[in-house]
Amino acid sequence: MAEFVDQVVLYVKAGDGGNGCASIHREKFKPLGGPDGGNGGRGGDVILEVDASTSTLLDYHHRPHRKAGNGKQGMGSNRDGATGEDVVLKIPNGTVVKDAKTGEVLVDLVGAGTRYVVAQGGFGGLGNAALASTRRKAPGFALLGENGDEREVVLELKTVADVALVGYPNAGKSSLIAALSAARPKIADYPFTTLVPNLGVVTAGETVFTVADVPGLIPGASQGRGLGHEFLRHVERCSTIVHVLDCATIEPGRDPLTDFEVIEGELAAYGELDDRPRLAVLNKSDVPDARELAEMVRPMLEERGLRVFTISAATHDGLRELSFAMAEMVAAHRAAKPVEEPTRLVIRPKQYGDAGFEVRRVDEHTFQVTGEKPERWIRQTDFANDEAVGYLADRLERLGIEKALAEAGATEGAEVVIGPMEGGYVFDWQPTLDAAAAHQGPRGSDNRIV
């Protein structure tokens, strides 16, 4: 069974808002008590929160569907419905959230405690007490609660580490992490022993930093060959790249210099890693022939501007010098890095003209109205209640939709769609309807609705 998952598709559904309540206060000797229906409760949110103790997305791989609680319905005596329970999903530090349909990056979550509302709960509907006015003293209707957001997102983990160890399988990256830190990765003498990135914490003097082993890099990894393409993204957050080169390999056509050039080619093909400082580590110097090869290759790597260290992860030879060199580069990066400030979430609502809506002529007899306000009002309306429909007509007229339809060329009997063409609310437009007329008649009815 997998223990490490770094990419999952998550289906989230926020809670629906509760419906408002239509109620009239009833008390002895007070026949005109007035409306006292409470508002519906708000639906719960689905929230992603960075948790320092979480290191994998395995839980969401097994349970990809998550839903928040619904808001409760309002009640009489001005009692509002309870708010739905939020669902807080703990995710690892360095998780990128993308829209599953468009691939758009929604947010990059870094830093323990950082939160992002991935699905917002629906608003509760207003009760008739909140809808009362001088023109409508005792409404016989209430607004419906709105549906919560429902979306499909991709969670992609990019390991947050200071140093990335890259190299061929069996170059000794896992052994090096085990020798430098308290990490105990699986180590064996066959290719692709390491199937998941390993992390280790290293202390060198006063500098404490993390080292990540990026497994599976082979020729063609950036194009999807082998395991490298799955884990190359873990290098993106690292400030320093360390090439671990195997000086004791017996595979034909391989040597430390060729391995270095192949891995560099894969990093270049992946992109956005050219500015990272590099170190070269000639490993397995405890093997006699390997030490001789390391001494031959060392000047060639230094000519490329690299600091080169000859080490043995098995005997710990040269590890102290290597750890302090890595610490020096990490400290320099941290000193040059600007002070991080909390990310500000800027909300830019979509614009539908100056009035908040847009009227579009579909064909000779069909018109479409889109906009946040009219579409939201449609969702809030109980179409089984004539008075509620009349209230909707009042709101649409005050927004200017009736005037805009007339200007767009709509005539009596024209088909008007509010919202998307598929699934929107459709009605026949009657321009002679006096939407501004005061409501008359018993509660729950409207003499303008025929």
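Helices here are DSSP runs of H or I with at least four residues, strands are runs of E with at least two, and both are numbered from the N terminus. With that in place, Asn78 sits in the loop between S3 and S4.

Before going on, a note on the source. What we have is a predicted model, where local features need pLDDT of at least 70, side-chain atom pairs count only at pLDDT 80 or more, and totals for chains, interfaces and linings use all residues. Residues are numbered from 1 along each chain as its sequence is written, and side-chain values use heavy atoms, with hydrogens and water left out.

Back to that loop. Asn78 has a positive phi, near 60 degrees, and is a residue other than glycine. Ser77 is in the loop between strand S3 (65-67) and strand S4 (87-91). Ser77 is not a glycine either, and its phi is positive at about 60 degrees. Is Ser77 buried or exposed? For the terms: buried means under 20% relative accessible area, exposed means over 50%, and partly exposed is in between, with a 1.4 Å probe and protein chains only. Ser77 has 52% relative accessibility, so it counts as exposed.

Now the chain as a whole. There are 10 helices and 18 strands. The chain has 450 residues, and 46% of them count as buried. Contact means heavy atoms within 4.5 Å. Among contacts in the chain with a separation of 6 or more, 71% are between residues 24 or more positions apart.

Next, a pair of helices. Helix H3 (residues 173-180) packs against helix H7 (residues 319-336) at an angle of about 90 degrees, and their axes are 11 Å apart. The axes are lines fitted to C-alpha atoms, for helices over the stretch in contact, and angles run from 0 to 180 degrees between N-to-C directions. Angles under 35 degrees count as roughly parallel, over 145 as roughly antiparallel, 65 to 115 as roughly perpendicular, and the rest as oblique. H3 and H7 are therefore roughly perpendicular to each other. On the H3 side, Leu176, Ala179 and Leu180 take part, and they meet Leu319, Leu322, Ser323 and Met326 in H7.

The C-alpha atoms of Phe309 and Glu321 are separated by 7.9 Å, with the two residues 12 apart along the chain. Phe309 has a relative accessible area of 13%, so it is buried.

Where does H6 bend? Helix H6 (residues 288-303) bends by about 30 degrees at Val297, and Pro299 follows within four residues. The bend at a residue is the angle between axes fitted to the seven residues ending there and the seven starting there. Val297 is also buried, as are Ala290, Ala294 and Leu301 in H6. The cover over the buried residues of H6 includes S12, helix H5 (256-270), strand S13 (278-283) and strand S14 (307-310). Gly305 follows H6, with a positive phi near 85 degrees.

Last, Ser239, in the loop between helix H4 (228-231) and strand S12 (240-246). Its relative accessible area is 6%, so Ser239 is buried. Not counting residues up to four places away in sequence, Ser239 touches Ala161, Asp162, Arg276, Pro277, Val330 and His333.
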